[in-house]
Amino acid sequence: MTAPYVYTPLLTDPLEIRLLEFISSAGDAEIRLKVHTVQLQHAKFVALSYVWGHHPHTYEDVTVDGCRFRITESLASALRAAQRHGLSAFPHRPPQDFRLWADAICIDQQNVEECNHHVPQMKYIYEAAELAIGYAGRDTEPLRLAMTTLDIIGAELRAHPAGIATWGNSNAGIDPASFLAWMEKYPALYTKEYAETDPNVSLVNPTWAAIHHLLNLPLWERAWIFQEIVLSPTMLVVSDTASVRLPHLEAFTLWVCRLNYSDYFARRPSFLHPAVLDLLTSSKITTQAMDRVLAACRAKRMKATSTDSIDGWINSFSGSHLRASNPRDLIYGLLGVSRISAIKVDYSAPLSRVFTDYAAAWTKGFRGAGLRELGFLTFAGQGLVSRYGDAQFPSFAPHYPFLSENHPVFMIGHAPSALVEFPPDTEGGRIENSSLFASGVQVDTVVSVFENWSDQDSFLDTILDLVSRRPVYPTGAPTINAVLHALSVKLAGPRELKNHVLNLHYAWALVALLVRGIGSYRRPRDEYQGILDRLGLDTSSGMAFAHSLRTTFGLDQVPDEELHAGWLGLLMQDGGSELAGLEDYGELATRYMALKTHLDVILPQTFFETAKGYIGVIPAWAGILEGDVLCVLSQSNSPVMLRKNRDFFAHIATCHVWGLFCLVPAESFGRIETLEVR
């Protein structure tokens with residue numbers, strides 16, 4: 001048996017890297033490699049990206065410089081594919097001159113000092129590579145079909161004269177028919193083959209099912225892969241024998257996104273099966289993986305060119321929804337694209353220290369960029385710490401390790417309606433050891449928590465109880481209006497909040513959902529009138545209803561000409577998930593569908609009330625309790641919920657509370673003080 005491979009040290013100035021030469025031929029059963037140590041500035045090589053996989057691993061022994069070297073089977077498969085595709089990518093280069101960089105072999109993984117030094121240099125390694133090869137997995141018929149098809153689609157879209165697969169949401173000047181007309185050349189893209197009884201019926205046919213499979217591979221959710229897409233000059237995504245070029249995959253994802261903005265429904269081509277159109281304009285195909293691909297491609301186009309820039313910080317947020325075998329790489333694995341100067345790589349540091357250091361760097365980096373330096377609280381909270389099981393993790397530190405393994409998790413981030421104004425000389429946040437010191441105001445205390453949103457009658461009773469006990473909200477607005485906006489978190493921006501007609505449309509949408517049922521619940525038709533009576537709405541006529549709706553929600557600024565007698569009949573029609581004729585009401589229909597979809601998403605969240613009558617929504621994972629303290633902090637994107645613990649607080653979660661308005665002085669809610677959060 002051959003001896004195990006022993007690494008020799010690398011020089012750091014000039015930077016040296018190890019590259020692999022294949023001694024074995026493509027197709028040989030055993031992989032035999034030779035290591036070359038070269039200066040990065042003179043190197044010509046291909047960089048390999050792959051998924052390390054989850055424990056327990058299965059292994060394969062390869063030979064490196066005549067010595068035994070144990071690698072995972074996933075890396076062995078990736079090496080074989082990289083050799084095959086790499087040689088094809090450079091057909092005029094002699095095989096003995098082909099060089100490959102693969103991190104698991106080219107970096108001594110047992111040498112913490114070498115890892116600490118090498119990881120910050122990954123940016124330069126991937127930028128220097130001639131090509132990056134992303135290994136998606138072993139050959140399967142769906143994977144080959146998906147790659148072949150996407151390469152064809154991508155080439156078609158990139159060559160399309162109308163620009164239907166380019167960056168930007170505006171489709172102005174583009175004939176809507178052009179988004180789909182090109183598909184007529186490819187029957188496999190526009191026909192339906194699966195029967196209604198087939199479990200894959202929603203994916204229409206084998207071609208679209210294969211593409212869906214590719215878009216949901218683990219490859220797209222890895223932090224290192226994200227960075228490698230951004231930094232490498234170009235990438236080839238491969239299986240054992242098939243491939244698709246990243247620009248073609250990018251074109252496909254852009255086309256699907258832009259298709260959702262186009263007037264496709266007005267002129268569906270006769271050749272296109274309706275089920276295909278439904279697939280392309282629904283969440284069945286627009287997966288989270290597709291969002292990650294687009295995010296990486298967008299970051300590639302807006303690559304941070306300097307340290308501590310806003311683009312770099314935005315790239316670092318990706319760690320909250322990516323994955324890594326070592327959770328530290330949710331920060332370290334993105335340093336090449338975040339370029340956060342204050343982060344020093346240390347794989348021996350505990351996770352709590354890594355993410356506390358990240359938060360500390362955020363406070364300083366965002367301060368320099370003129371942005372909110374406590375925005376990281378959106379990604380933090382005691383509920384996340386409790387679920388992850390690391391008692392040393394500060395409640396205020398961004399908990400990417402939990403979020404990356406449990407995505408999607410409902411978060412409440414930037415809430416334009418909930419930012420108050422602190423004096424210009426208010427001290428910003430600072431982190432000392434394991435404590436966050438922030439300037440803020442303790443606004444109120446939680447007195448009631450409501451979690452059982454799935455019980456429709458109980459949910460309705462809660463709203464009616466709030467309205468009857470406190471008809472007027474602390475801001476002076478009707479409480480029912482505050483309920484509407486608390487439930488509409490993320491739906492309306494600052495300008496929309498001032499649009500009274502739009503708010504009236506949302507009000508009708510909320511009433512319609514309360515009357516007819518939220519989510520999958522369908523309220524019996526004979527209960528409709530009783531609900532409207534309990535809400536205090538006049539149903540004696542269509543116009544009487546519209547007028548009473550305006551009054552009940554405190555929207556008297558809406559002119560009479562914006563009221564419609566048909567609104568009552570629309571919501572009173574017989575039960576069912578669809579409202580016949582809704583599309584005739586334009587903006588009303590848009591707001592109804594937006595609120596309906598939004599409530600389906602946030603229903604698992606927790607609704608709360610404070611002693612002064614403020615109401616809000618907080619993620620269910622927060623574990624909010626009566627007695628928790630609603631606060632506003634200087635430089636936070638949203639209000640926060642804190643829990644008193646002797647002489648300090650624990651951060652529970654960010655929340656959405658209607659009434660903590662933009663530009664309202666913080667002092668109007670109480671005394672500004674320095675709060676310690678651990």
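Q: Contact means heavy atoms within 4.5 Å. Which residues does Thr149 touch by that criterion, not counting residues up to four places away in sequence?
A: In this predicted model, Thr149 touches Leu189, Thr207 and Ile211. Thr149 itself is found in helix H5, residues 141-158.

Q: Why is Thr149 called buried?
A: Buried means under 20% relative accessible area. Thr149 has a relative accessible area of 13%, so Thr149 is buried.

Q: What makes Asp175 partly exposed?
A: The partly exposed class lies between the buried limit of 20% and the exposed limit of 50%. Asp175 has a relative accessible area of 40% and therefore falls in that class. Asp175 is found in the loop between H5 and helix H6 (178-181).

Q: Which residues is Thr307 in contact with, leaving aside its neighbours within four places in sequence?
A: Thr307 is in contact with Arg339 and Ser341. Thr307 and Leu335 are 28 residues apart in sequence and 10.0 Å apart in space, C-alpha to C-alpha.

Q: What makes helix H20 (residues 479-487) mostly covered?
A: Nine of its nine residues are buried. Among them are Asn481 and His485, as well as Ile480, Val483 and Leu484. Across the protein chain, buried residues make up 56% of the 678 residues.

Q: Why are H8 and H10 called roughly perpendicular?
A: Angles of 65 to 115 degrees count as roughly perpendicular. Helix H8 (residues 206-215) and helix H10 (residues 246-259) pack at an angle of about 110°, with their axes 13 Å apart. The angle falls within the range, so the two helices are roughly perpendicular to each other.

Q: What residue classes make up the contact of H8 with H10?
A: Trp208, Ile211 and Leu215 in H8 meet Leu249, Phe252 and Trp255 in H10. By class, this contact has six nonpolar, no polar and no charged residues.

Q: Why are H22 and H24 called roughly perpendicular?
A: Helix H22 (residues 500-516) and helix H24 (residues 542-552) pack at an angle of about 105°, with their axes 10 Å apart. That angle lies in the range of 65 to 115 degrees, so the term applies to H22 and H24.

Q: Which residues of H22 and H24 make the contact, and how are they classed?
A: H22 contributes Leu504, Ala507, Trp508 and Val511, and H24 contributes Phe545, Leu549 and Arg550. By class there are six nonpolar, no polar and one charged residues. Arg counts as charged, so Arg550 is the charged one.

Q: Which residues have the most contacts inside the largest nonpolar core?
A: They are Leu79, Trp101, Met183, Trp208, Trp255 and Trp508, in a core of 229 residues. Helix H22 gives the most to this core, with twelve residues.

Q: What does Trp508 touch, not counting residues up to four places away in sequence?
A: Trp508 touches Phe545, Leu549, Trp567, Leu570, Leu571, Leu579, Leu582, Leu588 and Tyr592.

Conventions: Residues numbered from 1 in each chain as written. Predicted model: local features only at pLDDT ≥ 70, side-chain atom pairs only at ≥ 80, totals over all residues. Heavy atoms only, no water. Axes fitted to C-alpha atoms, helices over the stretch in contact; angles between N-to-C directions. Helix = DSSP H or I, 4+ residues; strand = E, 2+ residues; numbered from the N terminus. Parallel < 35°, antiparallel > 145°, perpendicular 65-115°, else oblique. Core = buried A, V, L, I, M, F, W, Y, C linked by side-chain atoms within 4.5 Å. Buried < 20%, exposed > 50% of the residue type's maximum accessible area, 1.4 Å probe, protein only.
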